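Let's take a friendly tour of a protein structure, one step at a time. Keep the 3D view open while you read.

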Amino acid sequence: MTAAQRGGIAASAVLAAVGVAALLGGLGYGVTVEGGEIGPGFLPAMAGGLVAVFAVLDLVGRLRRRSDRPTQAELILDTASRPEDGVVLGDPLDPGAPSTSTQSIHSPLLADDDADGVDILGRTQRQRNRMLAVVLGLVVATLVMVQVVGFLLAFVLLLFVVAVFVERRRVLPSALVALAAGAVTYAVFVALLSVPLPQGLLGLI
Amino acid sequence: MIDNLVLGFSTAFTPENLLWCFIGVLLGTVIGLMPGLGSTTGVAILIPLTLTLEPVTALIMLAGIYYGAQYGGTITSVLISTPGEAASVVTTLDGYQMAKNGKAGSALAISAIGSFVAAIISLALLMWLAPPLADLALNFGPVQNLAIMILGLVIVVSFAGGSLSRGLMMAAAGLLISTVGVATGFSDARFTFGSINLLSGIPFIEVMIGLFAVGEVLHQIRRGADAPIRTRFRDMVISRGELKRSAGPILRGSGIGFVLGILPGAGSTLASFMAYGIEKRVSPRKAMFGKGAIEGVAAPESANNAAANANFVPTLALGIPGGGTTAVLLGAFTVYGLQPGPRLFETQPTLIWGLLVSFFIGNVMLLVLNLPLAPVFAQMLRIPYGYLYPIILLTSFVGAYSVSNNMFSVVLVLIFGVVGWVMKELDLPMAPLVLGLVLGPLFEKALVQTSAIGQGSFLVLLQSPISVGILLFAVLLMVGPKLAARFAVRRSPRGAAAVDPDAAEAREHARDEAGR
């Protein structure tokens, strides 16, 4: 089982739980009011119930490893390109099963996990996963920093750090880009739209 | 009609509106051509900037981004075979081949011309069709409105691609998110968990910025950098023969695009694929398709522009958006305190007709911008994504903060950014979620009114012929494609396994960008 499949199952399970919780919450708010008309709990309960039902359906589907139906556009492209194509390429994995061919094409995550896809900058999938985690961590750190150095400085710092340490860009251009972006943001949001961006404890900008 | 047009022109031709229209289409072109920045993302990020403008000016600019992006998306498709917009995916097939054959100029010129012709035709049809449809919808009571909203949700779900249950799940999730806070008509606070910030509900703009901008950035980081820019080209010359060959495809593409675009939810991506497929069938130069046929660029490019305009028919007349970006635009209406729906034609004629006429002006601007300046825009592609995405993050968070001057918005954007990223990775469709969120409050109001009319029973839905018809149509849409697919598979059992490599590559893109 790949990471994508595990993720899909986990997401469906979480959504099913959220749906059930919302259903119960909705029932608590009162589905009907006196006179039989619907009350504040009706839509939450209905939406929660639907989320739960479809999440369970999706979960069952994922557990049975059913592949996706192709999208409308894909169906059309298929029918459009089929008749005059001299060469018919079968699915290398399973020539007999029409439905799996689409899955092997358009599930980027699965493909990435299988073939250790190296991008044009020579970074492997594992490295890119780590980059994603680092960037997310940096964004959270930036939101904390906002309280200290202020909104603008914290984000200019984020730009610089991401460009230099995550993306391995050169220091001077990165600094210039970060400062320019900060200046434009200041001009548009603070000077023009007079948005009171938090200045933090330092209160510089 | 003439009165309305005069009103529209007098609204759209003020210096301020002309300026913002220009800014909109210019930004739209740039946003459309950046891989990883789609029109939905662009509109979502820029809504906060427009909050201080008049609603009509703001909507003129935001709509300009939407149709401007249709032009911009082409440039990337042709030059680097990487569509900037999902609707330009199919253009990569022949457009990129033309570029490789040294005909990038012709490809870009014909798509600008085709887009323009399609835009003008579809705009005329839009102005002609939307008002009577709105008139019709004005007679609808809560019962019929409820049926219309159910139809809208079903349509968006059934055209979002992927599995039906996932689409319905996301639509229900959108409705659920919309119930947070104190609902109109009730006094109970729902799902606020004691937070004051949540009392007024989960705000729309923050969710959009999170899902579409931050989620997309996170997705792109993990996906890795795209192919480098390879093509250089000289000038925008197009021969008379090429123009002549393209006339038919442009007209057919416009027609197909308009018809498909008018269906709420179908959107311009489907239209461009369909136009390409049909053109490939009817063209006398079938063999050239996929090897750089100009018809293969003209038809889908005309279709996606026609569909983009046609999308506004259901959006404006019924209050049901045609696709992801129009869903966000519809949300923008509510941000400016306008209730979307047929009443707008009566209560806000200046806004509606000013907006429609601005499409005309915007498309003229785009033609002028795109014919000679496409090579200049192409230079934007040299900006490395390593610089671009931190800037997108900065813009997203500052924009979210500026909506209500509250750090809570910023945290919400981050949360929904992660949600959007997870949805992209797991292939969960976004459009149904957005529509559920936008329609939620209106849906609940219609539910309450309908249950009041039926004294607690929803059987009144089945007593009005109009609502029965609408609901039947909804059921047909849900079940129909399944039956059709089954029929198609039976007819040619090898069908789905037949994959031509170009189409497969294009599909991978389509799949990837579908969520926008």
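## Two helices side by side

In chain B, helix α6 (residues 104–138) packs against α12(B) at an angle of about 35°, and their axes are 7 Å apart. Axes here are lines fitted to C-alpha atoms, for helices over the stretch in contact, and angles run from 0 to 180 degrees between N-to-C directions. Helices (H or I, at least four residues) and strands (E, at least two) are DSSP runs, numbered from the N terminus. The crossing of α6(B) and α12(B) is right-handed; a crossing is called right-handed if the near helix is turned clockwise from the far one by less than a right angle, and left-handed if anticlockwise.

Which residues of α6(B) and α12(B) meet? On the α6(B) side they include Ala107(B), Gly114(B) and Leu126(B), and on the α12(B) side they include Val297(B), Glu301(B) and Ala310(B). Contact means that the C-beta atoms of two residues, placed from the backbone, lie within 7 Å. By class, this α6(B)–α12(B) contact has twelve nonpolar, seven polar and one charged residue. Ala, Val, Leu, Ile, Met, Phe, Trp, Tyr, Cys and Pro count as nonpolar, Asp, Glu, Lys and Arg as charged, and the others, Gly among them, as polar.

## How to read the model

This is a predicted model, where local features need pLDDT of at least 70 and side-chain atom pairs count only at pLDDT 80 or more, while totals for chains, interfaces and linings use all residues. Residues are numbered from 1 along each chain as its sequence is written, and chains are lettered from A and ligands numbered from 1 in the order in which they are written.

Now look at helix α10 (residues 240–262) of chain B, which packs with α12(B), residues 295–310, at about 30° with the axes 6 Å apart. This crossing is right-handed too. The contact of α10(B) with α12(B) has 14 nonpolar, nine polar and three charged residues.

## Chain B as a whole

Chain B holds 21 helices and two strands. Of its 516 residues, 64% count as buried, that is, with 20 or more other C-beta atoms within 10 Å of their own, C-beta atoms being placed from the backbone.

## A core with both chains

The largest nonpolar core has 212 residues, and Val51(A), Leu159(A), Leu62(B), Ala172(B) and Ile209(B) touch the most other members. Such a core is a set of buried Ala, Val, Leu, Ile, Met, Phe, Trp, Tyr and Cys residues joined through C-beta atoms within 7 Å. Its largest share, 19 residues, comes from α6(B).

How values were computed. A residue is buried if 20 or more other C-beta atoms lie within 10 Å of its own, exposed if 12 or fewer, and partly exposed in between; C-beta atoms are placed from the backbone.
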